Amino acid sequence: ARYPAPWPSGHRHYFARDYTVHRRDGWFASVKMFSTRTKSGESTNDENILGSRQSDGRFYLVLRGDEYFGRDIWPAFDWTRLPGITVEQKADTASDVYGFGKRSFAGGTGDGRNGVSAMELAPLGSVLTARKTWIFFDDAIVFLSNGITSPSTNRVETIVNQWPLLNASSQLVRRDDWASLENVGYWFPTAVDLKVSREMRNGTWSSLGGSADTTSHTKSFVTLWLDHGTAPVNATAEYVIVPNKTSTSMAAWAASRPISILANNDTVSAARDLRTNALGITFWRAGAIEGFQSNAPAVVLATMTDANTMRIDVADPNASATGTMQLTIPGTWRTSSVAYTRTSRSITFNVPRKGGETTTVILTR
């Protein structure tokens, strides 16, 4: 049986921890990032000796809650292919290297139900760099990566998912622009060469450190990834994960194309839910998209609460303690939330940076 998610239900970005949680009845998702303000993890008592990639934008998704826990999954897990990460594959990809990040850009915002998170990826122990955005809508998560660059001879991959099968006989259903496996749907709005592996792997708890248990555990996994090859320069990745979708319902969802990816470049990454008109934006630098403008890096979620009211949630992903940033929103709006100037076509206002905490501005016609 499935039960309503207990508090905290909805969406929250923990700006002091570079961590995002997104809950719905019947599923849970999270993203772990890191920055110059946070460490990528830790290894104490010789434990967690393969977990160095856990904060590189690692995506965690469960529907029942026991997909990864209580089934001895971790010993057989491929720690170089954590879900959601973009990774340089080399001999020491999964190691015990931890520390503070090399980039300050890691942050998120949201309205308590949906949100946007983003980071500039510069993994420890790797020459890889990339920009990664996650846009959380009601029934789907949009993954946008760009600027994927790695000046080495090692292959670079973006891991869509590494799924521990609940039923060893489950089959991946795959069509031109979507796939489905064990009630998790995947949508690829632009053509991709999706790589898929299905394998039985084994391992021991002792191989992860901190345990004397040498019992071998064998588990079945399906891994989906995008191969960017060697020495990629400004490569991109775009896909959407849609939980709680059978192959039949995923086919209908993909055919309706309910989400539009508006941009994914070094200035802005953005997507819109065409059903609700909700818009998620990462401004990597000052820029504009569909009339929305920022004079600085920002993460923004714009939602229509009714026909005459727009809610803007915005945060500074560099988590500056002081200062302001300026947003311009298209349309004939007014607000009592902040001071503003307006024209016949737009409204412009400043919002405080507040160390990465979200500021909410309510606009009315």
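**Notebook: strand pairing, salt bridges, backbone angles**

I looked up Thr303 and found it opposite Arg311 in strand 23. The model is predicted, so I took local features only at pLDDT of at least 70 and side-chain atom pairs only at pLDDT 80 or more, while totals for chains, interfaces and linings use all residues. Residues are numbered from 1 along each chain as its sequence is written, and side-chain values use heavy atoms, with hydrogens and water left out.

**Strand 23**

I read strands (E, at least two residues) and helices (H or I, at least four residues) as DSSP runs, numbered from the N terminus. Two strands count as paired if DSSP finds at least two bridges between them. Strand 22 (residues 298-306) pairs with strand 23 in the antiparallel sense over seven bridges. The two form a hairpin, with two residues between them. Strand 23 also pairs with strand 27 (residues 359-364), antiparallel, over six bridges. There I found Thr309 opposite Thr364. I then checked cover, where buried means under 20% relative accessible area, exposed over 50%, and partly exposed in between (1.4 Å probe, protein chains only). In strand 23 (residues 309-315), six of the seven residues are buried.

**Salt bridges**

I took a salt bridge as a side-chain nitrogen of Lys or Arg within 4 Å of a carboxyl oxygen of Asp or Glu. The search of the whole structure gave 18. In one of them, Asp18 and Arg37 have their closest N and O atoms 3.6 Å apart. Asp18 lies in the loop between strand 1 (10-14) and strand 2 (19-24) and Arg37 in the loop between strand 3 and strand 4, so the pair ties together parts 19 residues apart in sequence. Asp18 is buried at 1% relative accessible area, whereas Arg37 is partly exposed at 30%.

For Asp138 and Arg24 I noted a closest N and O distance of 3.2 Å. This pair links distant parts of the chain, 114 residues apart: Asp138 in the loop between strand 8 (129-136) and strand 9 (141-149), Arg24 in strand 2. Arg24 is buried at 8%; Asp138 is partly exposed at 28%.

**Positive phi**

Which residue other than glycine has a phi near 45°? I found Arg257, in the loop between helix 1 (247-256) and strand 17 (259-264). Arg257 is partly exposed at 39% relative accessibility. I also logged Asp72, not a glycine, with a positive phi of about 55°. Asp72 sits in the loop between strand 4 and strand 5 (86-88) and is partly exposed at 31%.
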